[in-house]
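Let us walk through this structure step by step. Keep the viewer open while you read.

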Amino acid sequence: MTPARSALKSAVWAVYRTGSACKAQVVRLTLGLLTGLVSGLARWLSALYANNWGLLRLTYYDQLYNVLGGPAKWLWVERGYLACRDMTPESVVLDIGCSNGIYAAYFYAPRVKAVDAIDCCLPAIRIAQRRYANIGNLCFAGADVVKDPFPSPRYDVVVCNAVIEYLTPDEIPVVFDKIRLALTSDGVLIGHTPIKPDAASHQFGSTSNINSKDKLIEILSQCFDTVETWPSLETTRTSVYFRCSQPRR
Ligand SMILES: C[S@@+](CC[C@H](N)C(=O)[O-])C[C@H]1O[C@@H](n2cnc3c(N)ncnc32)[C@H](O)[C@@H]1O
């Protein structure tokens, strides 16, 4: 091949390669744009749906479309996952403040013998009963954790995620004591709560009277010999997990 033909061939290849790179770039940009539009719309719809709490005076938070709200909301599944750590196929579980029952249905019921899930918000309980009617070992009940008795006298695991921030300072120790009495001797309480001052930004009228991890540990230690805490991965506020075992007898 003459030098002129070889140079021509290289030039043609270079143009072809540049063209392909340009095309790939255009395809990537177009797909990025479409994906951004669709996910923006999904986030907006998800927020609209969730904000029904205030707008339409619903008294519960429906997590059904949280997954469309983007990665910050995906982190909420950590509470369901972490609550399962102490559950076995023999466990009898109480989920306090179950709301629309999504965690009880997807995380707890498939892993244990039986789940009682309670919430004082009757519309949320009715939705849960309708949505998860086909799950045989899951029972929803409308009940106030402060005033009403638990559905059963004994539980192996009690879950109390994002609930104590709705209780008054007087109610919190009462509820922990009730849980202490309901747990088997090797039972476990696991829960999660936002800690002030971030909790002040928490929506839906929670009061969050716990303003430090130490305060939380102090209250829990009155009912349990072993209390562990660790921070949540949630990014929108400062939240703490608590895992309590060896209920005081
Ligand atoms: C933020 S939602 C948490 C729902 C779910 N546990 C979670 O982790 O996403 C708080 C729930 O606690 C319920 N709740 C608040 N005070 C309660 C009480 N005294 N008795 C029973 N449920 C209560 C509310 O109705 C609401 O459904």
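The paragraphs below go from domains to strands, then to a helix, a tyrosine and the ligand.

This is a predicted model: local features need pLDDT of at least 70, side-chain atom pairs count only at pLDDT 80 or more, and totals for chains, interfaces and linings use all residues. Residues are numbered from 1 along each chain as its sequence is written.

Start with the overall division. The chain splits into domain 1 (1-43) and domain 2 (71-247). These bounds come from an automatic or database domain assignment. Taken over C-alpha atoms, the centres of domain 1 and domain 2 lie 53 Å apart.

Now turn to the strands. Helices (H or I, at least four residues) and strands (E, at least two) are DSSP runs, numbered from the N terminus. Two strands pair if DSSP finds at least two bridges between them. Strand 7 (residues 239-247) runs antiparallel to strand 5 (residues 183-194), and 7 bridges join them. Here proline 194 faces serine 239 of strand 7. Strand 7 also pairs with strand 6 (residues 224-231), again antiparallel, over 7 bridges. Tryptophan 230 has tyrosine 241 in strand 7 as its bridge partner.

Helix 6 comes next. Which residues of helix 6 (residues 122-131) are buried? They are Ala124, Ile125, Ile127 and Ala128. Seen down the axis, the buried residues of helix 6 fall within an arc of 160 degrees, so they line one face of the helix. That arc is taken over the directions from the helix axis to the C-beta atoms. On the other side of helix 6, Leu122 and Arg130 are exposed. Buried means 20 or more other C-beta atoms within 10 Å of a residue's own, exposed means 12 or fewer, and partly exposed lies in between; C-beta atoms are placed from the backbone. The cover over the buried residues includes strand 2 (114-119) and strand 3 (138-142).

Look at tyrosine 108 in helix 5 (residues 102-108). Tyrosine 108 counts as buried because it has 26 C-beta neighbours inside 10 Å. Leaving aside neighbours within four places in sequence, its contacts (C-beta atoms, placed from the backbone, within 7 Å) include Ala83, Met87, Asp95 and Val115. Tyrosine 81 is 27 residues from tyrosine 108 in sequence, and their C-alpha atoms are 8.8 Å apart.

Finish at the ligand. There are 19 residues around the ligand, and Gly97, Ser99, Cys120, Cys121 and Asn161 come nearest. A residue is near a molecule if its C-beta atom, placed from the backbone, lies within 6 Å of it.

How values were computed
Contact = placed C-beta atoms within 7 Å.
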